[in-house]
Amino acid sequence: MEVFIEDGNGLSLRFDKNPKGIYLEANDELKNKFKTLVKPKINNEKTDLIEGATKEEIDAFNDALIPNTISQMKFRMQLILSGISLESIYESINAIQDKTTRDIILTKFDYADVMERNDESLLQMASIMGITKEQINQIFINGNNIQDK
């Protein structure tokens, strides 16, 4: 069985269940991030142990699969699909005591063309709402896959 993942930003990953290796196909910028081809070791169905790779390298590889930006429309659609209502977001924004912070977050949420995964305002808002970094990553991964129509 072979698994193929493509992120829409020029990176694809092919991995077969009886692993001979991880095959990385990427544009030149992403290829430069990964200097070596590593072979996974499967330990109880987990692929967190990879021969010849450090935890930092594995984390960097996984991080590269998450888009850094997605369009505002895709971001909002994925929030809704994740069960986070726009009403609850506005309520949380309006509950921020500091007016400047509140206005900056509201302006970004309403008018940004794209949402940036590591934006301070987004991370602050997520924290207020109890949304974890892992959940943000999933919102960006899944939101990136929403088709523009």
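User: What do buried, exposed and partly exposed stand for here?
Analyst: Buried is under 20% relative accessible area, exposed is over 50%, and partly exposed is in between (1.4 Å probe, protein chains only). This is a predicted model, where local features need pLDDT of at least 70, side-chain atom pairs count only at pLDDT 80 or more, and totals for chains, interfaces and linings use all residues. Residues are numbered from 1 along each chain as its sequence is written, and side-chain values use heavy atoms, with hydrogens and water left out.

User: Ok. How many aromatic pairs in the whole structure?
Analyst: The search finds 2. Rings of Phe, Tyr and Trp (its six-membered ring) pair if their centres lie within 6.5 Å; planes under 30 degrees apart are stacked, over 60 edge-to-face, the rest tilted.

User: What is the geometry of Phe 75 and Phe 140?
Analyst: Their ring centres are 5.8 Å apart and the planes are at 55 degrees, so the pair is tilted.

User: Buried or exposed, those two?
Analyst: Phe 75 and Phe 140 are both buried.

User: And Tyr 90 with Phe 109, which kind of pair?
Analyst: Edge-to-face, with 5.5 Å centre to centre and 80 degrees between the planes. Tyr 90 is partly exposed at 26% relative accessibility, while Phe 109 is buried at 7%.

User: What sits over the ring of Phe 109?
Analyst: The charged end of Arg 76, 4.1 Å from the ring centre. The criterion is NZ of Lys or CZ of Arg within 6 Å of the ring centre and within 35 degrees of the ring normal.
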